[in-house]
Each structure stands twice: as C-alpha cells, then as structure tokens.
Amino acid sequence: MKNFFIPALFASLACSIFFTGCEEKTPPGQMSEAGLTKPDYGGFASQVKYGEHLVTICGCNDCHTPKKMGEHGPEPDLSLMLSGHPSQVPCPDVDRKVMAQKGVICTNDLTAWVGPWGVSYTANLTPDATGIGGWDDETFMTAIKTGKYKGMESSRDLLPPMPWQQYKNMSDNELKAIFAYLKSIPAIKNMVPAPQAPALAMK
C-alpha cells in the first residue's frame with residue numbers, strides 16, 4: 001500500500017504542474033476576460049438596443065410621432081418617427097379660454113396640446129439640427145432630470161404633457177441608452193412651433 005501511495009502522489013503533483021503550465025496566460029497590463037466589467041445594457045446586446053426598448057415601453061412614440069390611420073385606427077407614422085408636431089399643422093381651432101378653464105384638448109395625433117399652460121407642441125427627437133442634432137448625453141440628461149427646455153438650466157420648464165417628473169427617476173445608464181438610440185434613428189427636418197402663452201394671460 002505504501003509503495004503504491006508514493007508513485008500516486010508524484011503522479012498527482014506532475015498533473016497539477018502540467019495543467020497549471022497549460023493555463024492561458026493574461027498578457028501583462030490586460031485584465032482577464034473574467035475580470036472585465038461588462039456594460040449594463042439591461043440584458044440587451046447593445047446600448048442602442050436597450051435604448052430602443054426603453055423608448056418603446058415609455059410610450060415616447062405616443063406623443064412625439066405623428067399618426068396615420070391604420071387597420072386598427074390611429075397608429076404611429078414611422079416614416080416620421082419621433083419627429084414631433086409637424087410644422088405645417090396649425091394649432092387646434094378651439095376656444096382656448098374655455099379649454100384653460102374646463103379641461104384639455106389635443107390634436108388627433110397627440111402632437112399638440114391645449115390647456116391652462118397654453119399650447120404645447122411635442123418636440124423633434126431625431127438627430128436633425130431642428131431636433132437634438134446639437135445635443136450630447138449630458139444635455140439630454142439635464143433636460144429630463146431638471147425638466148428644462150433644451151437641457152439648459154436657465155431656460156423655460158418643459159410643458160405638459162411631457163412627464164419628465166416620472167422620467168427623471170431613470171438611471172444615468174437608462175437615459176444614456178435612450179439618447180444613444182435617438183441619435184441612431186433617421187434625422188428628420190421639422191421645426192416644431194414655439195409654445196403659446198396661456199389664453200387667460202392674453203388680452
């Protein structure tokens with residue numbers, strides 16, 4: 001038994017040395033694959049795909065994409081995806097003072113809204129110069145987290161129905177993913193009209 005134990009011990013040590021020597025060496029100055037920190041894309045293959053998912057589930061197309069009639073009624077016109085209120089479409093023809101006192105009305109494609117705050121038009125979110133073409137991710141995060149127009153802290157507040165008060169709770173990773181997706185979509189030239197003042201403040 002003793003004679004068998006000694007050769008077995010040496011064989012075990014030899015195997016250990018052999019397999020240790022065969023392990024793949026990590027080049028100096030590089031982290032091994034196991035040590036790399038993978039980006040957090042919410043389980044999606046890329047930041048852009050993660051952003052597309054977030055834009056979809058957050059309902060951004062509901063207001064920022066003009067509509068067309070489809071088989072089941074109004075549906076987003078993806079040829080104008082996220083381009084905001086069409087510049088050639090006029091403000092809803094309603095008594096704005098009545099709307100300010102009694103409720104809210106919007107166009108049938110949900111891109112223009114009339115209420116106590118005045119008239120607001122949904123923004124162009126495409127990477128055109130008339131949209132977010134000149135923005136960076138810090139600008140975008142400032143706009144969402146502080147509710148300021150064009151991400152400038154000295155500018156006016158974002159107007160209803162933009163629910164930035166909810167979206168501001170998104171993480172930086174989520175907001176950066178949304179911005180990456182918005183920068184990847186087709187740029188559409190569309191200069192959205194400026195908002196109009198509250199009717200009750202008008203003479």
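Modeller: A salt bridge here is a side-chain nitrogen of Lys or Arg within 4 Å of a carboxyl oxygen of Asp or Glu. Keep in mind that this is a predicted model. Aspartate 172 and lysine 145 form such a bridge, with their closest N and O atoms 3.5 Å apart. This pair links distant parts of the chain. Aspartate 172 belongs to helix α7 (residues 172–184), and lysine 145 belongs to helix α5 (residues 137–146). The two are 27 residues apart. Aspartate 172 is partly exposed, at 39% relative accessible area. Lysine 145 is partly exposed too, at 32%.

A search of the whole structure finds three salt bridges. Another joins the side chains of glutamate 52 and lysine 49, at 3.5 Å from N to O. Here the setting is one helix, α2 (residues 47–57). Glutamate 52 and lysine 49 are three residues apart there, so about one helical turn separates them. Glutamate 52 has 31% relative accessibility and counts as partly exposed. Lysine 49, at 46%, is also partly exposed.

Then comes the pair of aspartate 157 and lysine 148. Their side chains meet in a salt bridge at 2.7 Å, N to O. Aspartate 157 is partly exposed, with 43% relative accessibility.

Why can such pairs form? Side chains of opposite charge can pair when their charged atoms come close.

Terms used:
Residues are numbered from 1 along each chain as its sequence is written. This is a predicted model: local features need pLDDT of at least 70, side-chain atom pairs count only at pLDDT 80 or more; totals for chains, interfaces and linings use all residues. Side-chain values use heavy atoms; hydrogens and water are left out. Helices (H or I, at least four residues) and strands (E, at least two) are DSSP runs, numbered from the N terminus. Buried means under 20% relative accessible area, exposed over 50%, partly exposed in between (1.4 Å probe, protein chains only).
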